[in-house]
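Have the sequence and the model open side by side.

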Amino acid sequence: MGLARPATGDLLVRCPINGEVLIGLRPDSPDEIGTAIADAAAAFTAWRLVPAPQRAAVVRELAALLRSHQDELAELVTLEVGKIPAEARGEVQEMIDICDFAVGLSRQLYGYTMPSERPGHRLMETWHPLGVVGVISAFNFPVAVWAWNTAIALVCGDTVVWKPSERTPVTALACHGLLLRAARAAGADERIHRLILGTADAGAQLVDDERVALVSATGSVAMGRKVAPRVAARFGRCLLELGGNNAAVVTPSADLDLAVRGIVFAAVGTAGQRCTTLRRLIVHSSIADDLQDRLVRAYRQLRVGNPLDPGVQVGPLCAPDALDRMRDALDRARRDGGDLLYGGDPVVLDEFPDARYVRPAIIRMPGQTDVVREETFAPILYVLTYDDFDTALALHNGVPQGLSSAVFTTDQREAERFLAADGSDCGIANVNIGTSGAEIGGAFGGEKHTGGGRESGSDAWKSYMRRATNTVNYSRDLPLAQGIRF
């Protein structure tokens, strides 16, 4: 819960760049986690009464600190996750952006006023702070997803308890320290934000505690299957951001130069370890050979290696079993008739023999087999073909996940159809851009096995508040609704 941590401990953090232990930390005990939740619950009773624009002062101070320390925090992200510096710095910029958004939002937590059917009555709704928000974040976006939740929750009047991934506690300690500094600068109770470190057991304690009003959890579908029923059993709220098996449809009219740029970044960014990574490419058969040749040429130019080296575009895999999972998926795909066009082979760096690097893979598939319908958290791009747009949509929607999607086309009918009710069934649907790189102004989240949650912009703030419908009688009469006489 504090910032002081021993140099050795049971929580060993490995740097994916070299495979070596970066630091060892002591995980919080169950009693310490209970104290953190109790602190946040106690702080909430006063924090909820602070006017929202005053609450925003903490977030404004946090944004200023993030701007001052953007490079240092980005370096920590690179060391813990292996992102290339440009992506790491972009993630910190995303934190700054959501803080700016939340500050403005603090004056726009609007409710509706509705016409009442009864004379002398006013009907309206108000939004109130919800309570303690438990944030469980994943390793691949160790700071941005926390900021999405925390900046919005704080201006909504909630307090936050954060359980980061056990792979990225150093960035979490840094962010927690900056937020405590922001709280002190704004004259706020530092208990509005608590940090707990540990493994899945720490997250389970957060999930099961009735004092936690909302659990916002980012991770795998398997994790979501455990979290959702446990929170529901105590009548708490869940905001789930789970797996993605994202696809892009490329039509005959597409600008292929633009499409290649969008596809490559979406497929290989963060070494394929994004929930929004492009994993399936659904290409019209008339242009499939041309497009795959362009992609192979582009992939051959990618530099895989130490993300701190200039010019490197693809860094390491983070999960200990990620390389094995990727090999297994490619083996299954080949058994299903897939033709490996490029990549999939490990890249061994002499200076870092314990790290896991791999060349992003492109594999042409005869159809959407079981392995294609699964999410493998690694840089594999499956290429499928279609002959008519309805078939393309069926392939696109024919997976359990529903996070992000894209179509590359210059045909307005195809673009509009993709965005229509019978088009993409994902929470994010793009035209002529890839599946990754969402802006904070829009609500982020997906459907089906992705969980249905929404974070970041638009009206996602409503997940962090409770709604009350109010009827005010300013007359001297007492008419009942629906014309009832009693």
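Phenylalanine 139 is buried: its relative accessible area is 11%, and buried means under 20%. Keep in mind that the model is predicted.

Which ring pairs with phenylalanine 139? The partner is phenylalanine 377. The two ring centres are 6.1 Å apart. Their planes meet at 80 degrees, so the pair is edge-to-face; the cut-off for that class is over 60. Now look at where the two residues sit. Phenylalanine 139 is in the loop between β5 (132–136) and α5 (144–155). Phenylalanine 377 is in the loop between α12 (370–373) and β16 (380–386). The pair therefore ties together parts that are 238 residues apart in sequence. Phenylalanine 377 has 28% relative accessibility, so it counts as partly exposed.

A second pair joins tryptophan 148 and phenylalanine 444. Here the ring centres are 4.8 Å apart. The planes are at 50 degrees, so this pair is tilted. Tryptophan 148 belongs to helix α5, and phenylalanine 444 to strand β20 (residues 443–444). These parts are 296 residues apart in sequence, and the pair ties them together. Both tryptophan 148 and phenylalanine 444 are buried. In total, the count comes to 5 aromatic pairs.

Charges also sit over rings. Arginine 167 lies over the face of phenylalanine 139, 4.7 Å from the ring centre. The charged end of lysine 83 sits over the ring of phenylalanine 141, at 3.5 Å from its centre.

Is serine 405 buried or exposed? Its relative accessibility is 0%, so serine 405 counts as buried. What lies 2.8 Å from a polar atom of the serine 405 side chain? The backbone oxygen of isoleucine 428 does. Leaving aside neighbours within four places in sequence, the contacts of serine 405 include Ala247, His396, Phe418, Cys426 and Thr435. Ile428 is also one of them.

Last comes the empty space. Rolling a probe the size of a water molecule over the atoms shows where such space is left. The largest pocket holds about 1400 Å³. Its lining is made up of 47 residues. Gly219, Ser220, Val221, Ala222 and Met223 lie nearest the centre of the pocket. Which elements give two or more residues to this lining? They are α7 (200–208), α8 (221–233) and α11 (322–335). Helix α8 gives the most, with 7 residues.

Conventions. Residues are numbered from 1 along each chain as its sequence is written. This is a predicted model: local features need pLDDT of at least 70, side-chain atom pairs count only at pLDDT 80 or more; totals for chains, interfaces and linings use all residues. Side-chain values use heavy atoms; hydrogens and water are left out. Rings of Phe, Tyr and Trp (its six-membered ring) pair if their centres lie within 6.5 Å; planes under 30 degrees apart count as stacked, over 60 as edge-to-face and the rest as tilted. Helices (H or I, at least four residues) and strands (E, at least two) are DSSP runs, numbered from the N terminus. Buried means under 20% relative accessible area, exposed over 50%, partly exposed in between (1.4 Å probe, protein chains only). A charge sits over a ring if NZ of Lys or CZ of Arg is within 6 Å of the ring centre and within 35 degrees of the ring normal. A polar contact is a pair of N or O atoms within 3.5 Å; within protein, one must be able to donate a hydrogen and the other to accept it, and residues adjacent in sequence count only if both atoms are side-chain atoms. Contact means heavy atoms within 4.5 Å. On a 1 Å grid over the protein atoms alone, a cavity is a set of points where a 1.4 Å probe fits but cannot get out, and a pocket is an open set with protein on both sides within 12 Å along at least five of seven lines; lining residues have an atom within 4 Å of a point. Grid points are joined across faces, edges and corners, and a volume is the space filled by probe spheres set on the points.
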